[in-house]
Amino acid sequence: MKINYWIYLLVLCCVGCQDFLEEDPESLITTDEFLQIEGDAQAMVNAIYHHINSKESIYTKYYWLVNDLMSDLGEYEGNDLDLREFSHFQISPSNRIVHELWKGLYAGIGAANYAIIEIGNTPVSAAEAETLVAEARFLRGMFYFDLVRYFGEVPLVVDYLRSPNEALVAKAPLDSLYALIEADFTFAFEHLPRSSSNGRPGGLAAVTQLGKYYATVGTYSRAAQALRVGLSGSAGLLADYNDLFRIANQNNAEILLSVNLGPNEGGPMNLLTLPRPLNGREEITPTTPFVELFSMGDRRREVTLIETYVDQSGNTRTTDPLIGKYWDPSVEPVAMPTANDIPLIRFADALLLQAEVGNELRAGSNAETLGAINAVRARSRTVPEALPDLGTLNKENFLNAILDERMRELAWEGQRWFDLVRTGTLAERVMQARGIAISEKDMRLPIPAPELELNPGLLPQNPGY
Amino acid sequence: MERNKTIIILLLSALCTSVIAQSDDILLDSVSIDTSSMSAETAESPSALPAFPNGTFDQMLQGNFAGVHAVQASGQPGAQMMIQIRGMRSLAGGNEPLYIIDGFPLYNDNGLAISGLTLGPALNALSAWHPEDIQSIKVLKDATAAAFYGARGANGVVLVETKRGQVGAPMLEIGVQLGSMSSLTSPQLLSGTDYATFLNQANSAGGRPGQINSPAAFGAGTDWTNIIQDNSALMHTYRVGVSGGSENMAFRIQGTYSIKQGNLQGSDLNRFILHANVDARATKSIKVRNSLNIARLDANTIATDDNGSGEQLGVITATQIFSPLLSSILTAEDANYFNVRVDDEGNPTPELQSSQAYVNPLALSTAIDSRLVNTRFSDYFGIDVSLLEGLTLTGGLGADALFNEESLFIPGALEFQKSPGGTGGGSRMQSIEWISDLRLKYKRQFGSQHNLSALIGYALQGYRREILGGTSRGFENQTLRFNDLSVGSGKFITSDRLENSWRSLMASVDYTFDDRLQILLTMRSDASSKNGGEAMLFPAVGLKWTVSKEGFLVRLRLSAGQTGSFAIPSYQQFTVIDEVSSSLNGVTINGLNRVRLGAEDLKFETTRKINLGLDIGLFADDLFLRADYYNEVTDNALTFVPLAGQTGYDLTLANIAEVANRGFEVSLVTRRFGQKVQWNGQWHLSANKNEIKNLGATNNITVGSEVLGRDEWSILREGESIGAFYGYQSELRDGVINYRDLDGDGQITRADRTIIGNAAPTLVFGFSNTLNYKGIELHFMLQGSSGSDIANFNSLLIGNPNGQSNIRTDVLSTQNPNADLDLLFSDHLIEDGTYLRLKRLRVAYQLPKSLVEKWSMGSIKIYASMENIWTGTKYSGVDPDVSHFGQQHLFQGVDFGGYPKAHQIVGGIQVQL
């Protein structure tokens, strides 16, 4: 009798405490509690920027650097094995930066896909939703554009992952990837406000990027058309090239999109490049042809290169040329994680691209394209005899002039490798500047080895690796 | 003066308690069933083995138990231990054992016992118990013993009983203990002159400018290691207690106050511990027992055990980086000297903002205020009700409440690459863990030969932890430190709340025939909130057969069963949406994204264990041999599995791995030697072989917590043991390091990495001896391990003549100045960690009874002991008993910037009145 009573108690206790073992994560937002309010839509779009504008993002850590190390601009001389591989065109599939580029871009795509799919499920108005989706699609297009330029055929992921056990998508053909990029940029152009504002891209950024995409795939007439739209609406060049790289002057009129950095999200640029007495590591040496390309009286030389500087004790020092483009001594006297932004799309880039596309279409310069390149040159002319206006040039010479101009104008902004691959001049220029013979394989990065292991659908590896 | 005082206090010293004779007259049965008789455990009583002076009781696990691999991870006061019983099982969850302290089950995660604001390694949460209050420690390893603890028993169980009152007249016990410490030898670095000469050579060989004019002028230079050491560090302990009891009531109340100054400046640990146990017979059939421990720990910590990232401050690392050419008269008060560096000509140059990650080590250890106060109440109340003849109902209620306060202030001048103004912070954490259990026990003898006992039980356990903290940066005026965080310019607030709960049902039957054959069956079912409450069964069976004749005994033991582990944080099953920040137009904006995907179908890690044991006792067990062979397989071990990059995520938690441990253990115990000499000797030897049998779809996962920017230095690979070091093979040619191109592609890439060592020891051993002769007691203990490797990351700095830091004297003679060895994680850093250490030596003298009684006292014992006396090892670092990452078992065997352990010399007196 007595025992029965106890057993009864026990059973009661077991039954009575069913929800005792239920987890209620009060300090976490779970999927059940999301998408209920309007602000969640904006928050999902904001989250995409983490993959661009944060100190962990590949755009901050690598984009500006590795794209320009694989070129005629400079050499990496530090101890990082992965960066050395980039600098010497000996990239192996096990290279960690290659893997991080892959993962970082797909993480951005995942965040964008989540926003694109779920914004409609939040209580925002249809018009607002459309703008936000357009912003997310612009960013997704940009991630894919970079992915395709890096790796060629990659998996086309347009949904976000719901379960870790979901099956993996195999490589998609280039055509379908291109279709998505074109559609995303086009949609963004049609639905975003025209101008970029406060670091967020506008329709002009989208159409300019669309132009660059067309130029990359060789659809030059469309490229010209898109760039013309982009250029016509933009504010134009800043008067002083140096103003592009001042921390107090971020997201200025010339910038269509940049990697926005700040005090909490600093970039490594100055730590890597500045002279040792300024706490830098002097790990990047510009090539001699690059240094010599700057004529006296070119404003860009003193902005891009450091040849003399004042150290912390107030002594003026000289050094072999180093990179100082992102150094704004008025705010950051010595090297530290810098708040200086890295331009991704800007007006001068679009102008030079217009010249390049025009050259392809007409096999030589014309008034419009000469106007474009000469505007860029004129802006940096500090003495009348420097950087004279270019006259009519044939296709080959004009291309060379454009590439030289892009070298001076856009160095260490993450454009160079793409530029040289796009124009088919990588091998020739790298041989000229650095004496390194490169091959077809160097027009692509290898698919990261760990990814190949996880997803056999990524086979075959890119040729040559 | 200080010396004299020390000697006087030493002479006056007295310490108590452990003298209380062990009596069998215990009022109550243990609340928990004693399954230990079946197990392969070796039971020790710390009253036979003296406790570590001013240490923690888990230090006793090192060298005193077969099958236990214990590493004292750090030398800071209240040092944390890393403890493995029969190897490692989990790749993502914890590998520490379950502690049952006076019936209260506790998984010791040091990280959960702090809020994590203060600098340096986590404080050992078990330091809330004073080792002198511990009566016995038993380690349960095999299936029948551990299966009784079901889903938390797989990593082994440490049963801890504290001292209780005995029947007898009340007795007052007083003890004082005093000791001093000095750090173990530190690496021999270059003197000022040699360093200046070396810099000159390195600079000219490397084509860099800068020649120091007169190296000879620097002489010995500044030995920063020596500067930050506190060679007059003292530890003192004062204990007062009363114990006694009558037939219906016994009690023991003990108060301890102890101060332990660190052997590095700026660190200490003060402990106040009240331990009170009461046993009472309330009525004829009801007995109650209460075990209470209240502790207040007050610690000042310093920034050791950093990861070399430059974002974390590191005192020990700074002693190696900070130039010996700078004068030691730099004071912590003078902020300009925090950021001083030697210019090319060898002159000190103050800097307004720190240009170096590592600044003046003296300032780091003394100008930073990093304080932790933990208050812990642990109580377990048990009640036994005798229902019928042989039938007992046992109930228990326990609570373990922890209140943590931490505060931190780092002066702005010490912060690297941050805006000026300093950082202050405060945090509060409180946690409560409670248990409620109910057991029905039946015990009966049938005839003279059949003994049967059975039990069914039920337990609920819950845990809640809340944390609130804030830091503030950029003070206009730094005098307020952490006391008014509202004045800073950048503020960050964190808070968190975490809960989990367990429900368990258990049953066991124990049958013994004629003291010869014993059969034990246990069954336990556990459910945890961490996977939504899905219950799992853990059965085990044990057989024991004993032949005993005229002082000779042979016993065979066999057990098999299943145990579990689930030492992962709560809420892993949920997909979590969290803030991710980015910079937009110069300001920080937050977004929301799914930062983690919920892990699906999480299960307990289950370990199948088989144990075969043989005991041989000779001369009425005066010589006792215990040998065990075990084989354990953990299915569905939790692992962080890499996800394909295209998913947008890095990792997910899943039960995919299979891990095996097998090995043997031998213990030899001697108890007597002649008539007058008592000799208690224990030899323990254990060998464990760990193997990852299966890793799911991938068969390689590179892991490694970051040290000096290297974070893929270990690998999980099928067929290999956990703890493998993964890197490049290298050789030094003419002082220049060359890596081997293993895949033969003509260049050194990540594909050339291979397994270059393993942190897990193949053999662990300990020899402990106590000799008694006419009141004189001599105790010494040797312990060590062999076959383990250590990754000595310190060599990247002080073994690397690249001119960026001081170097060991031996590096200069063997290597090329200016060779930069700071490249890859290679076998250049891997060293043999085999060691044998004379851990302690203790002499005690029990004054003759006749003399003591003349003074109307119960007993007086004086003793002196030394710790960490001698170490035999080939390891070039300070201490082969090291584990930089503490309880992160996956990342064991790393040595970098750790708080050095100390030689201790302690004396004391124990008096009973």
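Q: Which are the buried residues of helix 9 of chain A?
A: Happy to start there, and keep in mind that this is a predicted model. A residue counts as buried if 20 or more other C-beta atoms lie within 10 Å of its own. In helix 9 of chain A, the buried residues are Ala223(A), Ala224(A), Ala226(A), Leu227(A), Gly230(A) and Leu231(A). Their cover includes helix 8 (203-217) and helix 13 (347-362) of chain A.

Q: What span does helix 9 of chain A reach from its first C-alpha to its last?
A: Compare the span with the value expected at 1.5 Å a residue. Helix 9 of chain A (residues 220-233) has 14 residues and reaches 20 Å, close to the expected 20 Å.

Q: Let's turn to strands. Which residues of strand 3 of chain B point one way, and which the other way?
A: The general idea first: in a regular strand the side chains alternate between the two faces of the sheet. In strand 3 of chain B, Met81(B), Ile83(B) and Ile85(B) point one way, while Met82(B) and Gln84(B) point the other way. All of these are buried, and the strand (residues 81-85) is described as mostly covered, with five of its five residues buried.

Q: In what sense do strand 2 and strand 3 of chain B pair?
A: Look at the bridges between them. Strand 2 (residues 68-72) pairs with strand 3 of chain B in the antiparallel sense, over five bridges. One pair to find on screen is His69(B) with its bridge partner Gln84(B).

Q: What is the strand order in the open sheet of four strands in chain B?
A: The order is 29-30-31-34, with antiparallel pairing. Strand 29 (700-703) and strand 34 (754-758) of chain B stand at the edges with a single partner strand each, so each has one side without a neighbour in the sheet. From one strand to the next, the twist averages 40°. Strand 31 (residues 724-727) joins strand 34 of chain B through four bridges, and Gly727(B) has Thr754(B) as its bridge partner there.

Q: Stepping back to the whole chain, how many helices and strands does chain B have?
A: Chain B has nine helices and 42 strands. Its radius of gyration is 29 Å, close to the 29 Å that the globule rule gives for 913 residues, so chain B is as compact as a globular protein of that length. Of those 913 residues, 54% count as buried.

Q: How many residues of chain A are in contact with chain B?
A: As background, the size of an interface is often given as the accessible area lost when the parts come together. Here we can count residues instead: 72 residues of chain A are in contact with 65 residues of chain B. Helix 5 of chain A gives the most to its side, with nine residues. By class, that side has 35 nonpolar, 26 polar and eleven charged residues. Strands meet across the two chains as well, with two bridges joining strand 1 of chain A to strand 23 (residues 576-584) of chain B, which run antiparallel. Ile29(A) has Ile577(B) as its bridge partner.

Q: Is Ser529(B) buried or exposed?
A: Ser529(B) is buried, because 22 other C-beta atoms lie within 10 Å. This serine is found in the loop between strand 20 (517-528) and strand 21 (536-549) of chain B. Beyond its sequence neighbours, Ser529(B) touches Leu21(A), Glu22(A), Glu23(A), Asn500(B) and Ser501(B).

How values were computed: Residues are numbered from 1 along each chain as its sequence is written. Chains are lettered from A and ligands numbered from 1 in the order in which they are written. This is a predicted model: local features need pLDDT of at least 70, side-chain atom pairs count only at pLDDT 80 or more; totals for chains, interfaces and linings use all residues. A residue is buried if 20 or more other C-beta atoms lie within 10 Å of its own, exposed if 12 or fewer, and partly exposed in between; C-beta atoms are placed from the backbone. Two strands pair if DSSP finds at least two bridges between them. The expected span of a helix is 1.5 Å times one less than its number of residues. Two residues are in contact if their C-beta atoms, placed from the backbone, lie within 7 Å. The radius of gyration is taken over C-alpha atoms; the globule rule is 2.2 Å times the number of residues to the power 0.38. Ala, Val, Leu, Ile, Met, Phe, Trp, Tyr, Cys and Pro count as nonpolar, Asp, Glu, Lys and Arg as charged, and the others, Gly among them, as polar. Axes are lines fitted to C-alpha atoms, for helices over the stretch in contact, and angles run from 0 to 180 degrees between N-to-C directions. Lists of a residue's contacts leave out its neighbours within four places in sequence.
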